[in-house]
Amino acid sequence: MRIDLAFCIELEKTVDIYKACQEFSAQTKYSKFHFLCSDPVCRETGTRVSGVNHQYLPEDDDVLKSPHYRMWDIHSAECEWVCINEVANDALHENDSESAGSILNKKNRKLITKFILPDDAESNSDFISNELTSIRKEKNPENKVKKIKDYLRVTGSTATCLESLVSCFEELKAIDRLDENLTISGYGETTFKTFFKQLKFAHTSQLSVIHGGARIYKRYSNGVGFSLNFLDKYNKKHVSMYVSSDMLKNSKNGGRILRIVDEVQNTTDSNPYLKVYWIGGMHLEEGDSHYKVNINTLAHVVMKIVYPKTTQSNS
Ligand SMILES: [Zn+2]
């Protein structure tokens with residue numbers, strides 16, 4: 001059963017899984033969170049939900065490690081997620097069961113069809129919460145189904161968080177369905193394949209998510225700020241990115257990014273590196289010898305760990 005939001009006992013609020021990941025890494029001492037269903041009746045009876053992988057750092061192209069909520073206890077028959085999944089399953093049976101949306105739903109993931117460029121002020125969780133409140137308040141069964149259909153088509157398939165969009169990109173890549181359509185709010189229609197560009201194939205004039213492998217070049221300000229060098233060149237020049245300590249301290253995602261950088265730096269045996277996704281145009285500043293990626297908010301950046309595959313079997 002797909003669950004988009006859950007009540008986190010430790011945070012005392014209802015959050016989506018990416019918010020849970022951010023808050024987990026913002027703790028001074030990392031301890032695992034516990035979740036209840038966001039539905040008021042389920043929450044009252046202590047219905048638990050698993051926050052799968054919220055405590056782990058994201059690894060590139062490993063869809064098994066992508067964070068998501070999963071059903072643990074049996075939910076109330078009137079639970080909002082039971083109702084939403086019933087409506088979703090009916091709709092999927094009517095349509096093609098081989099559609100990307102259907103395949104992702106079976107894996108408790110959702111197909112994102114619309115992306116709103118994130119800023120640090122807005123959160124996916126609030127966005128979804130408002131819509132759920134409206135569904136909960138609706139007593140007329142027909143209107144409720146109509147509102148749920150709207151939720152599945154609009155709010156439940158919209159992302160305001162880049163990591164959520166990147167996870168969907170990886171899921172679609174794994175099933176060879178990157179030609180799925182994607183609407184970028186305020187910019188228009190594209191596909192995942194067109195919107196995500198490898199650094200070396202990027203265009204400076206187009207809005208896109210650019211991605212590339214990178215290694216840590218230097219740590220600054222007592223290890224808080226850092227700079228990266230990308231593995232790929234752009235226009236035959238090296239590319240670097242600088243993340244200041246202020247940006248890390250002021251961003252909701254700063255703790256998680258810092259943990260990822262620490263992990264890459266402290267893991268010496270397998271020599272991991274970073275995969276960085278960021279929202280461009282390119283924000284590329286050309287210097288004599290190299291390009292600098294200028295980012296103004298970490299809400300526009302996602303980092304994942306790449307553990308290079310060993311050529312020899314370890315077993
Ligand atoms: Zn429930």
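1. A word on pairing before we start: two strands count as paired if DSSP finds at least two bridges between them. Helices (H or I, at least four residues) and strands (E, at least two) are DSSP runs, numbered from the N terminus. With that in hand, Arg 215 stands opposite Asn 229 in β12.

2. Some housekeeping for your reading. This is a predicted model, in which local features need pLDDT of at least 70 and side-chain atom pairs count only at pLDDT 80 or more, while totals for chains, interfaces and linings use all residues. Residues are numbered from 1 along each chain as its sequence is written.

3. Let us stay with β12. Strand β11 (residues 208–220) and β12 run antiparallel and are joined by 6 bridges. The two form a hairpin with 4 residues between them, and Ser 221 in the turn has a positive phi of about 45°. On its other pairing, β12 meets strand β13 (residues 238–243) in the antiparallel sense over 4 bridges. There, Leu 228 has Met 241 of β13 as its bridge partner.

4. The two faces of β12 (residues 225–230) are worth a look. Phe 226, Leu 228 and Phe 230 make up the covered face, whereas Gly 225, Ser 227 and Asn 229 lie on the uncovered one. In a regular strand the side chains alternate between the two faces of the sheet.

5. Next, the sheet in the order β2-β1-β3-β4-β5: this is an open sheet of 5 strands with antiparallel pairing. β2 (13–15) and β5 (68–71) stand at the edges with a single partner strand each, so one side of each has no neighbour in the sheet. From one strand to the next, the twist averages 45°. Strand β1 (residues 6–8) runs antiparallel to β2, joined by 3 bridges, and Phe 7 stands opposite Thr 14 in β2.

6. Another open sheet has 4 strands in the order β7-β6-β8-β9, and here the pairing is mixed. Its edge strands, β7 (158–159) and β9 (188–191), each pair on one side only. Strand β8 (residues 181–184) and β9 run antiparallel with 4 bridges between them; among the residues involved, Thr 183 has Glu 189 in β9 as its bridge partner.

7. Now for the helices. Two packed helices are described by the angle between their axes and the distance between the axes. The axes are lines fitted to C-alpha atoms, for helices over the stretch in contact, and angles run from 0 to 180 degrees between N-to-C directions. Angles under 35 degrees count as roughly parallel, over 145 as roughly antiparallel, 65 to 115 as roughly perpendicular and the rest as oblique.

8. Helix α5 (residues 124–137) and helix α6 (residues 141–153) have axes that come within 9 Å and cross at roughly 165°. That makes α5 roughly antiparallel to α6. The crossing is left-handed (the near helix is turned anticlockwise from the far one by less than a right angle; clockwise would be right-handed). Glu 131, Ser 134 and Ile 135 of α5 make the contact with Lys 144, Lys 147, Ile 148 and Tyr 151 of α6 (contact: C-beta atoms, placed from the backbone, within 7 Å). By class, this contact has 3 nonpolar, 1 polar and 3 charged residues. Here Ala, Val, Leu, Ile, Met, Phe, Trp, Tyr, Cys and Pro count as nonpolar, Asp, Glu, Lys and Arg as charged, and the others, Gly among them, as polar.

9. α6 also packs with α3, at an angle of about 75° and with the axes 10 Å apart. These two helices are therefore roughly perpendicular to each other. Cys 83, Ile 84, Val 87 and Ala 88 in α3 meet Val 145, Ile 148, Lys 149, Tyr 151 and Leu 152 in α6. The class count for this contact is 8 nonpolar, no polar and 1 charged.

10. While you are at α3 (residues 80–94), find Trp 81 in that helix. Trp 81 counts as buried because it has 25 C-beta neighbours inside 10 Å (20 or more other C-beta atoms within 10 Å is buried, 12 or fewer exposed, and in between partly exposed, with C-beta atoms placed from the backbone). Not counting residues up to four places away in sequence, Trp 81 touches Met 1, Ile 3, Cys 37, Asp 39 and His 75. Trp 81 and Leu 132 are 51 residues apart in sequence, yet 9.8 Å apart in space, C-alpha to C-alpha.

Technical notes. Two residues are in contact if their C-beta atoms, placed from the backbone, lie within 7 Å.
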